[in-house]
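Hi there,

Here is the structure I wanted to hand over to you. Could you have a look at it first, and then read my notes below?

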Amino acid sequence: MKYLLMIAGDESAAEHANDGCGGWSEEMEARGVVIGGAGLYPPNEATSVRVREQELLLTDGPFAETKEQIGGFVLIECADLDEAIEIAAKHPAATYGTIEIRPVL
């Protein structure tokens, strides 16, 4: 089953932006569970797109104001949710932020 790990943190997470993953990526690639992923630029670099009544509406920055923002993502393939949780819990960002796990349709 495929899962998306969305790595989120508040403003203080920015201090970890260049930390790397402390061997997590290498371990997960060796296990064969990582399909892809990437870090993201900060929310102020975002552009939000909406179409309402056939009109294109663009907004600079994130669509929603929240304390936590998505800073990166990893797409994994593993046996089940229990394994996805185990993988997410090993990620260093779980110690200072939040990792949301979503099954992929």
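Let me start with R31, which is partly exposed at a relative accessible area of 35%. On this scale, under 20% relative accessible area is buried, over 50% is exposed and anything in between is partly exposed, using a 1.4 Å probe and protein chains only. R31 meets the side chain of E83 in a salt bridge, 3.2 Å from N to O. E83 belongs to helix α2 and R31 to helix α1, so this pair ties together parts of the chain that lie 52 residues apart in sequence. A salt bridge here is a side-chain nitrogen of Lys or Arg within 4 Å of a carboxyl oxygen of Asp or Glu.

Before I go on, please keep in mind that this is a predicted model, in which local features need pLDDT of at least 70 and side-chain atom pairs count only at pLDDT 80 or more, while totals for chains, interfaces and linings use all residues. Residues are numbered from 1 along each chain as its sequence is written, and side-chain values use heavy atoms, with hydrogens and water left out.

The overall layout is quick to describe. The chain has two helices and six strands, arranged along the sequence as β-α-β-β-β-β-α-β. Both kinds of element are DSSP runs numbered from the N terminus: H or I over at least four residues for helices, E over at least two for strands. Of the chain's 105 residues, 22% count as buried. Among contacts (heavy atoms within 4.5 Å) with a separation of 6 or more, 75% are between residues 24 or more positions apart.

Now back to the charged residues. There are six salt bridges in the structure. One of them joins E27 to K90, whose closest N and O atoms are 2.9 Å apart. With E27 in helix α1 and K90 in helix α2, this pair ties together parts that are 63 residues apart in sequence. E27 is partly exposed at 32%, and K90 is partly exposed too, at 41%. A network of salt bridges links E27, R31, E83, E86 and K90. Elsewhere, R102 and E100 form a salt bridge at 2.6 Å, N to O; R102 is partly exposed at 45%, as is E100 at 34%.

How do the axes of α1 and α2 cross? They come within 10 Å and cross at roughly 155°, which makes α1 roughly antiparallel to α2. W24, E27, M28 and R31 of α1 make this contact with E83, E86, I87 and K90 of α2. The axes are lines fitted to C-alpha atoms, for helices over the stretch in contact, with angles from 0 to 180 degrees between N-to-C directions. Angles under 35 degrees count as roughly parallel, over 145 as roughly antiparallel, 65 to 115 as roughly perpendicular, and the rest as oblique.

The largest nonpolar core has 14 residues, of which L5, W24, V74, I76, C78, I87 and I99 touch the most other members. At least two core residues come from each of β1 (2-9), α1 (24-31), β5 (69-77) and α2 (81-90). By nonpolar core I mean a set of buried Ala, Val, Leu, Ile, Met, Phe, Trp, Tyr and Cys residues joined through side-chain atoms within 4.5 Å. Beyond neighbours within four places in sequence, I87 is in contact with L5, W24, M28, R31, V33, I76 and C78.

Is H91 buried or exposed? At 7% relative accessibility, H91 counts as buried. H91 sits in the loop between α2 and β6 (98-103), and, leaving aside neighbours within four places, is in contact with I7, C21, W24 and I99. The H91 side chain also reaches the backbone nitrogen of A93 at 3.0 Å.

Finally, the loop between β3 (47-52) and β4 holds E53 and Q54. Neither is a glycine, yet phi is positive in both: near 50° for E53 and about 65° for Q54. E53 is exposed at 82%, and Q54 is exposed at 82%. In strand β4 (residues 55-60) you will find D60, which is exposed at 69%. Not counting residues up to four places away, D60 touches A46 and T47.

Best wishes

Notes: A polar contact is a pair of N or O atoms within 3.5 Å; within protein, one must be able to donate a hydrogen and the other to accept it, and residues adjacent in sequence count only if both atoms are side-chain atoms.
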